[in-house]
Structure formats: C-alpha cells, structure tokens
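Please examine the sequence and the structure shown below before reading on.

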Amino acid sequence: MSEKKLRVDTANPITWCPGCTNFEILKSVKLAINNSIKKGEKLTNFAMVTGIGCHGKIIDYMNISGICSLHGRPLPTALGMKIGNPNLKVLVFEGDGDVYAEGISHFIHAGKFNSDITLLVHDNQSFSLTTGQSTPTSQKGYKSKAEPLGKFESPLNPIKLALASNATFVARTNARNFEFTAEIIEKAIKHKGFSFVEIIQDCIVFNKDINNRDKKMYKLPNKKRTKLEAMKLAEIYDYNLGKAKIPLGIFYEEKRKTLEELWPQLHNLQKKKINWKQMKK
Amino acid sequence: MRLNILIGGEAGQGINKISEIVSEILIDRGYYVFNYRDYPSLIRGGHNFNVLSISDKPIFSTESKLDGIVSMDRLTLIKHKKFLKKEGFIIEPGKFVNLGINLNIALAGALIRILGIERNFLMKRVKDEFNNKKSLNAAEKGFESEKFKYSLKKLKNKLILKNGSESLSLGFIDSKADLYFAYPMTPATPVMHFLAEKQLENDFMVFQPENEIAVVNAALGASFSGARVMVGTSGGGYDLMTETLSMQGMTEIPLVVYLASRPGPGTGVPTYTSQGDLDIALRGGHGEFPRIVIAPGTPLQARQKINEAFYLSEKFGILSVVLSDKHLGESDFSFFPEKINPLKIKVKRKVPGEAIVKAISYESNSLNATTEDAKVTKENADKRLLKYESIKKEIEKFESIKIYGKKNSKNLIIGWGSTTGAIIDAISNLDAKFLQILYLKPLSNEIRTEMQKAKNLILVENNLTGQLGRIIREKTGIKIKNRILKYDGRPFESDLLKKEIEKCLKKN
C-alpha cells in the first residue's frame with residue numbers, strides 16, 4: 001500500500017506498543033475502506049463502534065463517524081446505530097475480552113438478528129490493556145498475574161460459536177497478513193447480513209506463547225460449504241498451544257434476509273435512502 | 001355521591017372486562033371513575049381484583065370501604081367481605097348456569113342494573129365489542145337478575161378514560177419519536193405493548209433486544225444515528241442500564257428513559273406498586289453528570305412530561321428519566337380531554353451519513369479523540385456542570401411543581417408521582433394544601449418558598465424511607481418530621497390517607 005495520506009487517517013498520536021499487530025489491522029481496515037470508497041461508497045456513510053481494550057484505540061486513528069462504546073457493548077450499540085439509520089455501513093471493532101467475555105450474549109444474538117453489520121475481532125487471547133489477564137480464548141495453562149496457577153479450562157472457539165449462532169458470514173484472518181485481512185474485511189463489508197471476522201493477532205508484551213503462528217496457518221480454498229463442513233474446519237484449531245493447523249479465510253457464507261429487510265420500517269428507510277430524521281411524520 | 005365496587009376473580013376469568021364495560025358505560029353517562037387493578041404474578045388461577053370507584057365529582061383514587069362486591073370466585077368474598085359496608089351489595093355467579101366464558105358479561109350486566117342504568121346502554125356496549133348471541137344473552141340475563149339500587153342519571157361531563165401507560169405512550173407519539181427499545185418487565189411492559197400496536201400507523205418502531213443492557217446501548221446507537229429514542233424498564237432493568245446511562249453523561253447523546261417502578265429490593269413484589277426507585281432515578285450511574293428526572297402523577301401529566309423529556313434531551317443532549325410506577329401505569333383515570341400542543345422535537349445535530357461525528361466514552365478533546373489531559377478533564381467536567389445551569393433555566397418554562405387544595409392553608413402536604421390522586425382526594429374536605437413535585441431534578445426553588453409559608457408539613461410517599469423528603473432536605477435544609485409512608489406494595493386509599501393526615505394535624 002502506498003504511504004500517501006488516506007482520507008481515513010487522523011493526526012492523533014498512536015499509543016499502541018511499538019510493533020503491535022494492531023498497526024497491521026489498522027492498515028487492513030483503511031485499505032478495505034479505501035477500496036470500498038473507490039468503488040463508490042461515501043466516507044460519511046461509514047460508521048464504526050469500538051469497545052474498551054487495546055483494540056478500542058482504533059477509533060482515534062480513523063476519520064470516520066463512530067462511537068467508542070463501553071466494554072462489551074459495541075454490538076448492541078452498532079445494532080442500534082443501524083436501526084437508527086439502516087443506510088449506514090457499520091463496522092464493529094472488539095477485542096477478545098470485549099466480545100467473548102463481557103459481551104458474549106450480544107455476540108450470540110447478533111448472529112440471530114442478522115443485522116447488516118460487520119464485526120472485526122482483534123483476538124490476541126489476553127486482556128492486554130489491563131496487563132495480561134486471561135480471556136475466554138486464552139490457551140489452557142496460560143499464566144497471568146490474576147491466575148498464577150494457570151488457566152485450567154480450554155478456550156472457547158469463536159468460529160464454532162458464530163456458526164452455531166447462525167452468523168451468515170464467518171471468517172478468520174491473520175493480522176500479520178494485512179493484505180489478506182483487508183481482502184476478507186472488504187468481503188465482510190460487502191456481505192449482506194451479520195459478518196464476523198476473527199483476526200488472530202500476537203501480543204508482543206503479554207501472551208507471548210501464542211506469537212509467531214504463521215507457519216501453522218493455511219488458507220482455505222474459496223468455496224461454498226455446508227454449515228457442517230464449516231464446523232469441521234472450525235474444529236481443526238482449538239486455540240490451545242500445540243501442533244494443530246490454523247485454517248484462515250471464509251469458513252461459511254449464506255444469504256439470509258437481514259433485520260433491515262425484514263422490518264418494514266427499516267426497509268422503507270433503505271428504499272427511500274433516508275434516515276429517521278428525514279422521514280415526514 | 002361516591003361508590004367503591006370491588007370486582008374479584010381468578011386470573012383468566014375476565015374481571016378486567018367487567019371493569020372495562022362498566023367504566024366505559026359510566027364515562028359515557030358523564031361519571032368520573034377510577035379503576036385500580038390488583039393482580040399477583042401468575043397467568044391463570046390465583047386471585048385478582050379491581051376496585052372501581054364511581055363519582056359525580058372528580059376522583060383519582062379508591063377508598064377502603066366497599067359499597068359492593070362482584071365475586072367470580074370463592075376467594076373474593078373470603079378476602080374482601082369484611083370491607084363491605086352494612087348496606088353494601090354482592091353479585092355472585094351462582095345464579096348463572098352454562099354461560100361459559102360469557103359469565104363476566106352477565107356480571108357486568110347485573111352491576112349495570114344495580115347502578116340503575118338503562119338496559120339499552122349495556123346492550124349497545126356489549127354488541128359493539130361482541131356481536132354474538134351468547135354474549136348478548138349473558139348481558140340480558142345478568143341485567144334481569146338484579147333490581148336497581150342506585151339511579152345514575154346522565155350527567156353532562158364529556159370525559160375520557162385512560163391509564164398512565166396509554167397516555168404516556170401518546171406522549172411518545174405526540175413527540176413524533178422514532179424508536180422504542182425495551183425488554184419485558186412489569187410494570188413498564190404495557191407501554192411496550194401499546195406502542196407496538198401503534199408502530200406501523202405512526203411510523204415508528206418498537207424493538208426488543210436480548211436484555212436491558214442491549215436495550216440501552218442500542219438506544220444510544222440509534223440516537224447517535226439521528227433517531228428520537230426512548231427505552232422503558234422497571235428497577236431491575238434500570239440497574240442493568242446504569243453503566244450506559246453514565247456513558248450518556250459522557251457522550252451527550254440524547255436519551256429518554258421511562259422507569260416504571262415496583263417494590264424491591266431484588267425481584268420484590270413484581271406486579272405491585274412502589275415509589276422506592278427515586279434514588280436510582282436520580283443517581284444511577286457512576287461519575288458526575290447532569291440529568292433530568294420527571295415524575296408525572298396523572299395520565300395527562302404523563303403525556304405532557306414525556307414530550308418535555310424528549311424536548312429537553314434533544315436540546316441539551318441529556319438523559320431524561322421519566323419516573324412512574326405500577327399504580328399510575330395501570331390504573332384507569334377519567335378526565336376531560338385537553339387540547340395537546342406538543343413541543344416539536346427537532347434533531348438539529350449532525351449525524352453519521354451527513355458528516356463525520358464521534359461519541360467517545362472516554363474523556364475526549366476538541367478533536368473528539370480520547371484524552372487523559374488534566375486541563376481538558378477539568379474543562380469538560382465544568383462544561384457538564386454548566387449545562388445543568390442552562391437546563392434549570394429552560395425548565396422554568398414548564399410546570400415543575402403544582403399546588404392543589406386550599407391555597408392559603410398553613411397545612412402543606414408534599415408528595416410526588418402516583419400518590420397525587422390519593423392526596424388530592426384525601427384533602428378535598430380538609431384545611432390543607434398539596435404541593436406536587438413534578439421535576440425531581442432539577443428541584444424548583446419554589447419548593448422552599450411554599451414550605452416557608454406553611455406551619456405544618458407532611459410528607460406522603462409510597463416508600464419505606466421517604467426519599468423525596470431526603471432530597472428536599474438536601475435542597476432546603478428543612479427536615480419534614482411528619483411522614484406518612486406506605487410500603488406494602490399497595491397504593492394509598494384516600495379515606496385512610498385522610499385519617500392519617502388528620503392525625504398528623506392534630507398532633508401539631
């Protein structure tokens with residue numbers, strides 16, 4: 001990607017740790033948005049929601065509308081944002097602590113509602129901004145200041161959960177491969193319905209055992225799969241340490257009517273390309 | 001003339017329909033009615049009752065002594081006969097056979113006859129709703145089964161009948177609001193039901209997310225997008241929302257919250273009434289930020305105050321909590337319809353889609369970026385406080401207190417919310433004045449003036465600790481020693497409240 005200033009850039013100083021893969025995620029998102037803009041999308045039509053954690057700082061680094069929400073609450077905030085104006089392109093950023101711990105109920109319901117929003121999860125398998133405690137995706141045995149005896153239970157598998165929750169777009173990428181991540185994000189934005197992109201990333205300060213997994217990763221071929229097939233692929237990697245391979249790419253995609261298409265009030269706003277404010281009552 | 005008639009039965013037997021048919025006929029005949037609903041948290045069986053009060057003068061409450069009992073089950077007489085006056089009447093279902101689900105219509109017919117209202121008004125009302133032979137036959141049989149005891153001649157009043165929830169919902173529609181988010185919780189749910197039914201014809205939407213946390217966050221998201229938004233809940237749901245209410249304080253996204261309280265703590269007594277949640281309405285949420293708390297006491301006030309809440313929230317980017325309870329929400333009140341001139345709620349702020357706008361739950365600087373800077377932190381906090389001052393000024397336009405009774409009396413009763421009706425009725429023949437506080441935050445300066453003019457002060461609240469009394473003391477430094485507090489989940493009955501007030505006045 002060229003280094004020239006993008007319209008989505010801001011002048012705010014970036015406070016992530018030097019070398020953090022969040023820089024790569026930021027690059028991917030900007031590239032994806034830029035590509036969408038090139039294809040005719042308006043910058044002002046994008047809106048983002050972030051949670052609280054290292055990932056959440058991204059709101060300061062992108063010049064698009066948005067809410068920095070509370071810990072765990074970006075998904076319902078985004079759902080509301082979309083109901084408040086169904087013509088917006090809504091991007092949701094959450095960390096693994098944010099979405100799989102505090103906000104887990106919203107994750108499950110987001111799949112059920114199938115609102116046309118895109119969830120990008122920065123999953124570094126630890127609560128890093130609070131100095132490295134375990135999250136639901138931290139590997140078994142992970143030791144932190146809060147759990148010096150190590151984490152006893154096995155991690156949650158978000159891909160399986162997303163599939164079980166009827167998400168209509170389920171993908172996984174590697175933060176270190178920003179071009180591939182951008183490509184997946186662009187497809188997720190384009191997908192009509194709730195799209196979920198799990199971005200696996202390193203934490204260079206806390207959960208270091210999970211770093212440098214690139215060699216284990218491989219890209220899934222682009223093809224249509226049944227949910228059962230997708231579920232099988234999701235089981236290959238269980239988020240623990242070990243030799244298991246890590247499949248990347250789109251696990252599953254299906255067409256299902258979105259919340260905005262099903263609710264007559266929202267469908268009407270989409271058809272007329274207006275927000276509630278512009279509606280004559 | 002005033003009658004109090006208790007109508008009791010099992011859940012599912014249709015006692016509400018009896019009250020509805022009879023009250024509508026009475027309203028049509030120009031009578032004032034007040035209907036109190038008492039029901040436990042179950043769907044079939046148990047014991048429910050309504051107390052229907054009827055008068056030729058305005059009434060806003062029930063009384064403890066009964067002029068009649070309509071009994072659909074065994075428990076009704078066992079529980080309530082001791083409150084029946086000596087000359088009181090009883091209508092029992094025993095004499096009716098094989099009426100099935102139309103039994104309640106027969107009992108309504110019997111009651112109409114006792115009240116001395118002509119048959120054709122009953123038959124027309126029943127025909128309007130249930131145009132079938134069985135129902136009409138039941139009404140006829142019921143009517144024939146009794147003799148008239150009263151003679152309620154037609155009066156000239158042109159009244160309407162509404163409960164607080166319905167009227168409050170009309171305030172939402174008056175405001176041309178766009179979205180109502182809620183998760184079912186008694187006693188807030190009737191608003192959700194009413195609005196859901198009206199959503200398509202009035203171009204708004206009612207949405208039920210997965211829990212109250214999702215409700216309030218979705219509401220903030222939608223309001224940020226430019227919609228006029230309200231959420232509704234009761235105490236427990238409100239507790240879940242409070243972190244986000246605090247975020248509202250930081251982001252200044254307009255938000256209206258309808259809080260319908262019920263007795264707590266915990267799950268409490270879910271289908272009964274309480275004013276125990278004033279404290280959380282005033283203070284729920286961490287940190288220091290301005291808000292508005294309004295407590296209507298009648299359906300008409302509920303309708304107006306919701307509109308004011310929308311107006312103030314949008315104008316100042318502030319949280320408005322409209323506090324009600326089961327008693328106001330679910331009791332039926334009769335009143336003269338007033339011409340409503342709702343305030344226009346214009347969303348003038350820039351929203352996503354039109355411009356790049358941000359709302360940050362952290363403290364943020366002039367570039368809308370997160371900051372931890374000491375100077376900006378202080379400046380932002382000062383701005384929030386300053387905003388509260390402009391809100392206080394704006395509220396001077398609205399009715400923030402209301403005085404009832406004898407204007408020059410030295411005996412001042414102070415109350416708020418759903419006790420308003422019982423207090424108005426209780427003091428109607430007393431040397432007393434009633435100060436109803438409508439805006440609980442900000443509190444009017446006139447409260448102190450009124451209190452200083454009085455010799456005897458009596459606080460009336462439907463809670464255990466006198467929460468209004470505390471905030472009045474905080475505001476004025478005056479401690480109200482005489483307190484009439486009721487916290488058994490039931491509203492005040494005006495005759496008993498009157499006795500309590502008289503006792504207080506004698507003491508002084």
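How many residues of chain A are in contact with residues of chain B?

## Basis of the report

This is a predicted model, in which local features need pLDDT of at least 70 and side-chain atom pairs count only at pLDDT 80 or more, whereas totals for chains, interfaces and linings use all residues. Residues are numbered from 1 along each chain as its sequence is written, and chains are lettered from A and ligands numbered from 1 in the order in which they are written.

## Where the chains meet

In the model, 37 residues of chain A are in contact with 42 residues of chain B (two residues are in contact if their C-beta atoms, placed from the backbone, lie within 7 Å). On the side of chain A that touches chain B, at least two residues each come from strand E2 (65–68) and from helices H2 (74–84), H4 (104–113) and H9 (264–272). Helices (H or I, at least four residues) and strands (E, at least two) are DSSP runs, numbered from the N terminus. H2(A) gives the most to this side, with eight residues.

E2(A) is also joined to strand E14 (residues 358–360) of chain B by three bridges, and the two strands run parallel (strands pair if DSSP finds at least two bridges between them). Within E14(B), B:Ile360 is the bridge partner of A:Cys68.

## The overall form of chain B

Chain B has 17 helices and 20 strands. Its radius of gyration is 24 Å, close to the 23 Å that the globule rule gives for 508 residues, so chain B is as compact as a globular protein of that length. The radius is taken over C-alpha atoms, and the rule is 2.2 Å times the number of residues to the power 0.38.

Of the 508 residues of chain B, 53% count as buried; a residue is buried if 20 or more other C-beta atoms lie within 10 Å of its own, with C-beta atoms placed from the backbone. Among contacts in chain B with a separation of 6 or more, 76% are between residues 24 or more positions apart.

## A helix of chain B

Helix H1 (residues 15–28) of chain B has 14 residues and reaches 20 Å from its first C-alpha to its last, close to the 20 Å expected (1.5 Å times one less than its number of residues). The buried residues of H1(B) include B:Ile15, B:Ile18 and B:Leu26. After H1(B) comes B:Gly30, whose phi is positive, near 90°.

Notes:
A residue is buried if 20 or more other C-beta atoms lie within 10 Å of its own, exposed if 12 or fewer, and partly exposed in between; C-beta atoms are placed from the backbone.
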